[in-house]
Amino acid sequence: MLALALALSGSVVPQDPLPGVDRALARERAAVVRDVEYDLRFRLEAGAKDVRGSVWLRFVLPDDRDLQAPLVLDFGGDELAELRVNGRSTVPSAVHDHVLLPPDLLVRGRNSVHANFRSKVGATGTPLSVYRDSADGREYYYTLVVPADAHRLYPCFDQPDLRARFRVELDLPSDWTAVANTPRVETRAEGGPAAIGTLWQFAPSQPLPTYLMAFACGPFTVVDGGNPQLPGLDGTQPMRVFVRESQVPYLDRERLVTMHTEGLRWLAAQFGVPYPFGKLDLVLLPGFPYGGMEHAGAIFYRETALLFDHPATDAELVRRSTLVYHELSHQWFGNLVTMRWFDDLWLKEGFATFLGFQALEALEPERKSWLRFLQRVKPRAYEVDGTPGTTPVFQELQNLADAKSAYGAIVYNKAPAVLRELHARLGAKVFQQGLQRFLEQHAFGNADWQDLAAALEGAARADLGRWSERWLLAPSMPQVRVEWTRDADGLVTAASVVQRAVGGDGTWPLDLELLVFDLAGGRQTLHVGGDAERIEIADLVGKAAPAAILANPHDVAYGQFLPDAQSRAWLLSHLPDEPDPLVRAVGTQALSEAVREAELDPAAFATTLLSLLARETDADTHGWLLDLLATTLQRYLSPERGQPLRDRATELLLQQLGLEQDPARQMPIFRYLARNSGGAPVDAMCRAMVAAPIGKQDRFLAAAALLAAGKDDGEIERLQQTFAKEDVGKELFLARAATPTAAAKAEYWQLYLQLDTPPEQWTQDSLSWFHWRGQEELTLPYLGKALAQVDWVKQNRRIFFMPAWLDAFVNGHSSPAALAIVDEFLATTELSDDVRKKVLQSRDGLARAVRVRAAFATAPK
């Protein structure tokens with residue numbers, strides 16, 4: 001912005017626009033600007049540190065537009081030159097990250113704006129990013145402007161409800177290839193001494209919000225995926241996969257194309273609306289900061305999310321499938337219909353997650369979709385929704401400069417969870433009809449939650465006002481318990497479902513199943529509903545008192561379901577024998593919640609987890625249990641209390657590792673042991689894995705475990721030599737973050753504050769390696785420093801980075817000393833509301849760890 005300030009006029013007019021894109025500015029523009037079109041041309045050279053380009057912007061102002069005030073255009077790049085408004089030159093007038101178009105140059109009706117611009121290119125923190133392959137030096141460029149960074153690349157109206165048609169041209173080196181939202185219409189050599197090489201021209205797009213315009217370019221290999229025949233796809237356009245040449249051997253072309261083709265087919269049939277964008281390309285990018293980004297017509301994926309250099313684990317395959325179906329769902333929810341403002345972010349992200357798991361259930365039933373939903377989606381929602389920093393699903397947002405903070409577990413985890421509850425409440429047919437009505441009514445337009453509610457209410461012929469009020473507009477969640485009393489004869493005299501708000505106040509409409517276990521070994525399912533604080537269970541009264549009651553056994557409802565003391569004890573001993581895998585998982589999650597509430601000794605829970613692990617045959621569930629065990633042993637038990645259980649876990653898992661023949665099932669066990677265990681047998685295992693024919697990152701993980709334990713013997717250097725011709729920059733960066741010295745931590749801390757290198761994904765992924773188990777004394781000095789940088793992180797990093805940063809530095813610890821540092825920061829630092837809430841969300845995990853350890857410090861081992 002400094003160069004921009006020097007290049008543009010600093011004149012100020014009355015009512016200057018605020019920094020960012022303020023809601024008032026957006027509403028004003030949306031009321032008067034129509035029929036927006038962008039012709040964009042970008043010029044990139046090899047080794048570029050910036051991109052130069054030109055924009056021809058066209059839009060219509062209404063006949064009654066007051067032409068006394070300037071029209072605000074957004075631009076936060078480095079330089080804007082040769083600005084012409086309706087053919088007349090003008091000196092740009094810059095205010096914050098905006099350019100004011102003089103009112104005397106505007107006209108009622110159609111207007112045009114021409115300008116040349118220059119913007120930064122970097123490995124991280126820029127809307128046009130570059131990845132440089134550490135092995136061959138090749139460069140790969142891609143745009144990523146969500147939620148509101150398009151104006152940092154080119155001048156635009158950067159708000160989601162000013163959709164526009166884009167026509168893109170790329171002037172590139174002749175040995176590069178390119179992809180954008182639409183098919184290319186021409187590729188030709190450029191003449192003249194100033195030309196770089198080849199001009200790529202792409203067809204005009206459908207109306208898109210600015211955050212969805214995208215292109216990628218570089219020396220990609222393009223793999224033809226065939227011409228799938230689907231409603232909405234142009235049969236002349238193949239589904240192509242863009243990938244680095246070095247990664248082609250790991251590309252399962254047939255499987256990826258099948259997943260995308262069948263996913264599109266299922267979604268189009270589900271909605272009754274054809275795929276909207278004509279063609280679909282898959283772009284696999286190294287160093288991409290997200291798992292995927294749903295750009296219309298060209299989905300960008302993190303390379304390692306879809307490609308495996310090792311036999312993929314069940315968890316990795318489920319993660320790949322749900323990612324693909326999530327991004328495909330966005331082609332309707334987000335791309336065809338876009339939220340009007342980012343306070344309704346859940347309209348695209350919540351639906352994409354929920355529909356992604358519905359697609360998994362329909363297309364890959366062997367993956368046990370709703371069991372995975374319980375294991376992968378809901379726990380993180382509960383963790384955040386139970387904190388003082390939680391927010392409603394619909395999050396009030398005044399300025400798009402703060403839109404990054406809207407991303408997180410509430411929209412990605414809670415929203416799909418409550419949508420699942422609504423789907424069950426309304427019924428599949430009514431829910432589907434409502435979605436079809438919503439998509440048809442708002443196609444290639446914008447909508448908000450009220451539009452969705454109206455469409456669903458119309459299909460259901462029911463009022464969803466109370467449901468929306470509590471599940472969308474209120475923060476927090478219900479904490480639900482079942483209470484009952486018995487008489488001297490063992491008969492139930494009273495029974496109720498009791499709910500209270502974990503945070504805030506009020507109650508929620510519940511539609512709840514109860515699984516009642518009797519003392520003779522039988523079971524029955526009861527149903528209760530209502531939104532009172534206490535809901536009577538008439539069917540239990542007068543009957544023999546149960547052995548245990550498990551709420552929400554099919555995991556349809558949303559809330560924190562805590563078992564009573566009798567049910568806790570029964571579940572601890574009986575869960576390993578439960579035949580239903582979903583009921584077993586629901587019971588395990590309920591016990592986990594009881595530990596988090598300091599109502600259950602974590603040592604007792606860990607003992608049950610070990611019994612479950614000894615019997616579990618489902619590989620993905622086994623991995624989920626390992627995650628729960630790691631949290632229980634490392635966070636909730638002190639080193640002294642936890643050591644006997646850690647030893648038991650190590651013995652069990654080493655035995656399982658030795659007996660398991662499937663590499664895909666071996667890897668989760670090895671990864672757990674490398675990160676959470678120690679001792680001579682584990683060291684020997686890691687030395688063997690360093691040399692084993694397994695994936696690169698796992699070999700570096702084994703080397704890092706030895707390094708962190710002070711047992712390394714040059715394993716990382718030998719691996720670097722082994723992979724000298726491969727791009728292992730990320731693997732090296734992660735492994736060395738585990739170095740157990742103060743000097744290494746200081747070096748990495750300085751790297752974390754750089755924006756030019758390394759790629760942001762490397763930094764984010766390395767945070768857990770930096771906070772390796774047993775290195776708390778080395779990393780505690782950086783907790784306060786990391787908190788002090790939180791505003792810098794918000795401003796300079798991408799949408800998921802800030803919560804990852806806070807969780808790593810805050811929840812890399814379980815001590816009262818760490819909690820005191822966080823509380824001192826909160827008490828003495830002025831923070832914006834959104835940042836304070838993010839800190840509070842992370843603090844909650846640390847505070848619970850301290851409280852649970854204290855509550856059971858003297859419990860028997």
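Leaving aside its neighbours within four places in sequence, which residues is Thr-739 in contact with? Here are some notes on that and a few other spots; keep in mind that this is a predicted model.

1. **Thr-739.** To take the opening question: setting aside neighbours within four places in sequence, Thr-739 is in contact with Leu-707, Ala-744, Lys-745 and Gln-775. You'll find Thr-739 in the loop between helix 22 (729-736) and helix 23 (742-752). Its relative accessible area is 17%, and since buried means under 20%, Thr-739 counts as buried.

2. **Helix 20.** Leu-707, one of the contacts of Thr-739, is also among the buried residues of helix 20. This helix runs over residues 696-708, so have a look at how it sits: twelve of its 13 residues are buried, so helix 20 is largely enclosed by the rest of the structure. The buried set includes Lys-696, Asp-698 and Arg-699 as well as Phe-700, Leu-701 and a run of alanines from Ala-702 to Ala-705. The cover over these buried residues includes helix 18 (663-676), helix 19 (680-690), helix 21 (715-722), helix 22 and helix 24 (760-770). End to end, helix 20 reaches 18 Å from first C-alpha to last, close to the 18 Å expected at 1.5 Å a residue. Just after helix 20, Gly-710 takes a positive phi of about 70°.

3. **Aromatic pairs.** Searching the whole structure turns up 50 aromatic pairs. Take Tyr-275 and Trp-332: their ring centres are 6.1 Å apart and their planes stand at 70°, so this pair is edge-to-face. Tyr-275 is in the loop between helix 3 (253-271) and strand 18 (281-285), while Trp-332 is in the loop between helix 5 (314-330) and strand 21 (337-339), so the pair ties together parts that are 57 residues apart in sequence. Both Tyr-275 and Trp-332 are buried. Another pair, Tyr-407 with Tyr-412, is tilted, at 6.3 Å centre to centre and 35° between the planes. Tyr-407 is buried at a relative accessible area of 1%, and Tyr-412 also counts as buried, at 17%.

4. **Arginines over tryptophans.** Two spots are worth a look here. Arg-420 lies over the face of Trp-370, 4.3 Å from the ring centre. Arg-675 lies over the face of Trp-769, at 5.3 Å from the ring centre.

5. The peptide bond from Val-146 to Pro-147 is cis, with omega near 0°, and Pro-147 is in the loop between strand 10 (139-143) and strand 11 (164-172). A cis bond also joins Thr-757 and Pro-758, with omega about -5°. Pro-758 belongs to the loop between helix 23 and helix 24.

6. Glu-82 is not a glycine, yet it has a positive phi of about 50°. Glu-82 lies in strand 4 (residues 79-85) and counts as exposed, at 56% relative accessibility. Asp-555, also not a glycine, has phi near 60°. Asp-555 lies in the loop between strand 28 (548-551) and strand 29 (560-561), and at 5% relative accessibility it counts as buried.

7. **The whole chain.** Stepping back, the protein chain has 30 helices and 29 strands. Its radius of gyration is 28 Å, close to the 29 Å that the globule rule gives for 861 residues, so the chain is as compact as a globular protein of that length. The C-alpha atoms fill a box of roughly 90 × 70 × 60 Å along the principal axes. Buried residues make up 62% of the 861. Of the contacts with a separation of 6 or more, 73% are between residues 24 or more positions apart.

Methods:
Residues numbered from 1 in each chain as written. Predicted model: local features only at pLDDT ≥ 70, side-chain atom pairs only at ≥ 80, totals over all residues. Heavy atoms only, no water. Phe/Tyr/Trp six-rings, centres within 6.5 Å; stacked < 30°, edge-to-face > 60°. Helix = DSSP H or I, 4+ residues; strand = E, 2+ residues; numbered from the N terminus. Buried < 20%, exposed > 50% of the residue type's maximum accessible area, 1.4 Å probe, protein only. Lys NZ or Arg CZ within 6 Å of the ring centre and 35° of its normal. Contact = heavy atoms within 4.5 Å. Expected span 1.5 Å × (residues − 1). Rg over C-alpha atoms; globule rule 2.2 N^0.38 Å.
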